[in-house]
Structure formats: structure tokens, C-alpha cells
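Subject: Structure for your review

Dear colleague,

Please find below the structure that I am handing over to you, together with its sequence.

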Amino acid sequence: MNNRLSTLSKTASVSQIINFSCVDGPGSRLVVFLQGCNYNCKNCHNPHTIDMCDSCGDCIAHCPTQALSMESIDGKDAIRWNSDLCSGCDTCLAVCPKQSTPKTQEYNVTQMLEMIRKQASFISGITISGGEATLQLHFIIALFKAIKSSDDLQHLSCMLDSNGSLNETAWQKLLPYMDGAMIDLKAWQQETHRYITGRDNHRVLRSINLLNLHNKLYEVRLLQIPEVTDFESEIDALAGFLTQLPPSTRIKLNAFQHHGVTGEALAWRVCSEANIERLASQLTERGVKQPILPSVYL
Ligand code: SF4
Ligand code: SF4
């Protein structure tokens, strides 16, 4: 296979596509959510996007509209989801023993480009999100590369929404084709980050610095969870880290809510407007320029 064909045939498991979003990067954007994550955040709003479906078939009999079936692909059983028959009841998500979803779809780069072309005149760019999108890095690189080399698509900016866990070697492969990234910093102290996500944050801090060095850091996001995240108790260290970034880097504050959350995080207190405003003023008092506050608290 030549290089171009091999690029266009790269595939990804996609959990959702949103044609228009104005909160996932600059301007109006088409957002592709990839399935699978290497963190296991207690506060995850889409826990069914963490694990990959292993086609066990347990959910098939529970679907009230017969939208699920098993088919054989290259001699291997694979779950098939018929979106035309699906009513969106989410019973399959509730019964899945892996807390996964059968409602993912495989896209190759050619199919994704076709879909982007239909929206291209209405959007300023595309954002790849997740799950943790970089688990499917080869697809992202191939897609961004194809967009940048297409006469009719190269005006679109290519952004990534990530938990920042990618290593430097992998970032270096992606950087030439990516315009910018939004990175979640989920806690300051290692223990707190590990408690919330299951992993430490060394890579996240390194990713933020690396992206900044290459002028590809668009936004750092802080999710405030009262009494759980440590942004207020670590405010001096956090503000010191954020103020070494250029003032043009957006510092976005998000307020924890219960929507979609399962398990022990349902017992956590939601973050009020007053709580987020207090965090914002603590940051601005220490030199962080105009943190961006949530527009809604739901
Ligand atoms: S959400 Fe799942 S269970 Fe419900 S109709 Fe769709 S495929 Fe079937
Ligand atoms: S979604 Fe879950 S229950 Fe359904 S086939 Fe996949 S792993 Fe099995």
C-alpha cells in the first residue's frame, strides 16, 4: 500500500460526533469524540466512553428495538449497532458489565473527510476529543495530515482536547499537523490527581509545558470539585505554574456537576457559582489573567 492509501485507511472507534460546538476550541467546530480512555476519573460525565466494547453480546437481548446484533468480521464476532433502529434509551449502557457501549462506529480517514466536507462551509475547524483521543494517535495524525493537504479543507484548524497524558515522543509526531490543544489539569498534588483519575499528573504538567514551548497550548482547563480537587489549598503553587504561561493562554474553570456521573462521585458536592468565583478571584489576586468562568451551572 502506498503512503497516501495507508494514511486514508487508518481507522478510529468513534463514540459521538457533534456537527457544531462553540465550547470545544475557537469558533464553531465539528467535534469528534473517540472511544476509550487511559484514566478512570471518578467524576467522569461519560463513563461508558472509558472502556472498549469487547463484543461479548450481553446487551443484545436487552435492546427493546432490536438495534443490536452480532456479525462475523474476518471470522471474529463483532457487535453491530443499527443507528436507524436505535431509540436512544441507553439500556445497553446500563446493562454492559464493562460500563462500555455498543454504540460506537468505526471511521476511516476517507469517511471522516467526507463527513467534514459536508460541514466545512459552516465551521472554523475540527476538534478531536474523547475519552482520551490520543489513544488513537495514528488516526488523528493521519486525519490532520489529510486536512492540511486538502485544498478545500486546509482552512480548518485542527485542535485536540486531551487529558495531557501523551508522552513527548508522541507529541512530537502530532505537533506538525495540530494547531492547538486544550488540556485538563485535574488536580495539583500527585495524590489528589491519582485519587481522582487513577494516574499521577507528571505527564500532564510536562505536556502543558511542551505545548506552550511550541505555541500549541490553547487552553488549560481546571475542574473545580469542592473538597476534592486541591486547587484552593495549592493556590500559590498552581498560580505560580499558570502565570509562567503566556497571558494569551486561556485558563478555563469548570464547575463539577452530577450530570452523567456514577459511583462515589454522586455523593460529592456540586460546585456553585460562588465557589468558582472564589477560585477565580484567588487566581487573579496571584496574577492569573482573566480566568474564564462557566456560562452555565447544571
Ligand atoms: S440505546 Fe442501546 S438499548 Fe436503547 S435502542 Fe439504542 S442500541 Fe438499543
Ligand atoms: S457494549 Fe458491553 S455488553 Fe454490549 S457487547 Fe460490548 S462489552 Fe458486551
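**Helix α6 and its surroundings**

The buried residues of helix α6 pack against α7, which spans residues 202-213. Please bear in mind throughout that this is a predicted model. Helix α6 itself covers residues 190-197, and its buried residues are Gln190, Thr192, His193, Ile196 and Thr197. These residues lie on the same side of α6, because they cover an arc of only 165 degrees around the axis. Just after α6 comes Gly198, with a positive phi of about 90 degrees.

**Helix α3**

Helix α3 comprises residues 109-119, of which Val109, Met112, Leu113, Met115, Ile116 and Gln119 are buried. Viewed down the axis of α3, the buried residues fall within an arc of 165 degrees and so line one face of the helix.

**The crossing of α8 and α9**

How do helices α8 and α9 meet, and at what angle do their axes cross? The axes of α8 (residues 235-243) and α9 (residues 273-285) come within 9 Å and cross at roughly 65 degrees. The crossing is right-handed. On the side of α8, the contact is made by Ile235, Leu238, Ala239 and Leu242, while α9 contributes Leu279, Gln282 and Leu283. By class, the residues of this contact divide into six nonpolar, one polar and no charged.

**Asn43, a buried loop residue**

Asn43 is placed in the loop between β2 and β3, the latter being residues 68-73. Is Asn43 buried or exposed? With a relative accessible area of 6%, Asn43 is buried, because the cut-off for a buried residue is under 20%. Leaving aside residues up to four places away in sequence, Asn43 touches Ile196, Leu223, Ile225, Phe256, Val261, Ala265 and Trp268. One of these, Ile196, is also among the buried residues of α6.

**Backbone features in the loops**

Gly130 and Gly131 are joined by a cis peptide bond, with omega at about 20 degrees. Gly131 belongs to the loop between β6 and α4.

Asn215 is a residue other than glycine with a positive phi, near 55 degrees. Asn215 is found in the loop between α7 and β9 (217-224), and at 66% relative accessibility Asn215 counts as exposed. Glu227, likewise not a glycine, has a positive phi near 65 degrees. The loop that holds Glu227 runs between β9 and α8. Glu227 is exposed, with a relative accessible area of 66%.

**Domain division**

Finally, the protein chain is divided into domain 1, made up of 3-49 and 105-285, and domain 2, made up of 60-95. Taken over C-alpha atoms, the centres of domain 1 and domain 2 are separated by 29 Å.

Yours sincerely

Conventions:
Residues numbered from 1 in each chain as written. Chains lettered and ligands numbered in written order. Predicted model: local features only at pLDDT ≥ 70, side-chain atom pairs only at ≥ 80, totals over all residues. Heavy atoms only, no water. Axes fitted to C-alpha atoms, helices over the stretch in contact; angles between N-to-C directions. Helix = DSSP H or I, 4+ residues; strand = E, 2+ residues; numbered from the N terminus. Left-handed = near helix turned anticlockwise from the far one by under 90°. Contact = heavy atoms within 4.5 Å. Nonpolar A, V, L, I, M, F, W, Y, C, P; charged D, E, K, R; others polar. Domains from an automatic or database assignment. Buried < 20%, exposed > 50% of the residue type's maximum accessible area, 1.4 Å probe, protein only. Arc of directions from axis to C-beta.
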